[in-house]
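Thanks for coming. I will go through a few local features of one chain, so please have the viewer open.

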Amino acid sequence: MAEEKKGFFGRLFEGLTKTRDSIKKGIDSIFSGFSSIDDEFYDEIEETLIMADIGVKTTAAIMDDLRRKVAEQHIKEPEDCRELLIESIKAQMVPGEGAYEFENRKSVVLVIGVNGVGKTTSVGKLADQLKNQGKRVVLAAADTFRAGAIEQLEEWSNRAGVELISQKEGADPAAVVFDAIQASKARGADVLIVDTAGRLHNKKNLMQELSKINRVIDREFADAYRETLVVLDGTTGQNALSQARQFMEAAPITGIILTKLDGTAKGGIAVAIQSELGIPVKYVGVGEKIDDMQKFDANDFVNALFERPEKAESSPAQD
C-alpha cells in the first residue's frame, strides 16, 4: 500500500504542476520580498490564493486562521509564516471521521455528475478499488439516456471484474436500480454502485429521477448504508462549485470525486469545496488509468501543492 500511495503521490505531484506554479511561485516571491508582516503582506497572500481558485470565502477563512496563529505565536518574520499558512490550508480540507464508512457496510453508492466530468469512469475506478479490497461489487447502469453510457460502463465493469446490471438505452433508471438491488441481494454483494444521469440543464427532471431512485432504494434495500458522491471536473474551477450547489438541491450529497486534476491551474478548487460546501472531497483523479483515482489525502495534496514530496512520503498511508 505504501508503494501504491507513493506512486499515486508522484502522479498527483505531476498533475498539480500548473496549480503549484500559480500558488507556490506567488507565495515564494511574497515570503522573499517582504521583510516584515503587515497588511500588504497578508493582502498579497490573499490575492495569490484567490487567483489559484481557492475562492474568496475559503481564502478569508485561511487568512483569519493565519493571522490568529501569527498573533498567538508572536511571529515577526514572514518566512516563519510559511508552515503556518500550509497548516491553515490543510485545516480546510480534512474529510473527517467516517468519511469512508460505506466501505465497511452493506451499502448503495449513487454517483452523479454532468456529462463529460468523468462520472462513468469514476464509477469504474471506484469499483476496481473496492474489488481490490476484497469487496463484492455490483454496478447499475442507471444513466440510460446518454448515448453510449451503458457500453462505457460495461467496458469498465469488465476491466474491474465486477458484475453490471443494465437494461436497454432509454429504460427507466429506477427500474434498472430495482433489478440491481435484487441482483445485489441474491449475490450477497457488499456494495452496489449506481451510475446515474446528470442533466443539470433540466434540474426538475434530475430531481424527480433521483427521488424516484431513492424511493426504490428506501423500499427495496432499507438497511443499506447510503452514500451519494458527486463528480466534479477540477479544470472548471469555480464552476465546479456552482455545479455542486445545484446537485445539493437535488440530492443529499455526502462526498465529492474531483477529477482531471492533472494539467489544470485550478487545482485550488479542492481546497474551496469542503470549506464552502461543508462536503468533503473523498477521491481525486489525475489520469485515465484505472488506478489514477485515489482517496483524498489533505497532507499529500498540500505537500504536492507546495513541492514537499519528502513530507508526503513519510506520512502514513491511508487504510
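Helices here are DSSP runs of H or I with at least four residues, strands are runs of E with at least two, and both are numbered from the N terminus. What you see is a predicted model, where local features need pLDDT of at least 70, side-chain atom pairs count only at pLDDT 80 or more, and totals for chains, interfaces and linings use all residues. Residues are numbered from 1 along each chain as its sequence is written, and side-chain values use heavy atoms, with hydrogens and water left out.

I start with Asn-299, which sits in helix α12, residues 298–305. Its relative accessibility is 35%, so Asn-299 counts as partly exposed; the scale is buried under 20% relative accessible area, exposed over 50%, partly exposed in between, with a 1.4 Å probe and protein chains only. The side chain of Asn-299 makes a polar contact of 2.8 Å with that of Lys-90. By polar contact I mean a pair of N or O atoms within 3.5 Å; within protein, one must be able to donate a hydrogen and the other to accept it, and residues adjacent in sequence count only if both atoms are side-chain atoms. Asn-299 and Met-93 are 206 residues apart along the chain, with 9.1 Å between their C-alpha atoms.

Next, helix α3, residues 39–51. Which residues of α3 are buried? They are Phe-41, Tyr-42, Ile-45, Thr-48 and Leu-49. These cover an arc of only 125° around the axis, so they lie on the same side of α3; the arc is taken from the directions from the helix axis to the C-beta atoms. The face turned away from that side carries the exposed residues Asp-39 and Met-51.

The buried residues of α3 pack against α2 (17–33), α4 (56–72) and α5 (82–91), where contact means heavy atoms within 4.5 Å. At the start of α3, a side-chain oxygen of Asp-38 comes to within 3.2 Å of the backbone nitrogen of Glu-40. After α3 comes Asp-53, with a positive phi near 65°.

From the α5 side, look at Leu-85. Leu-85 is buried, at 0% relative accessibility. Leaving out residues up to four places away in sequence, Leu-85 touches Ile-27, Phe-31, Ile-45, Leu-49, Ile-62 and Leu-66.
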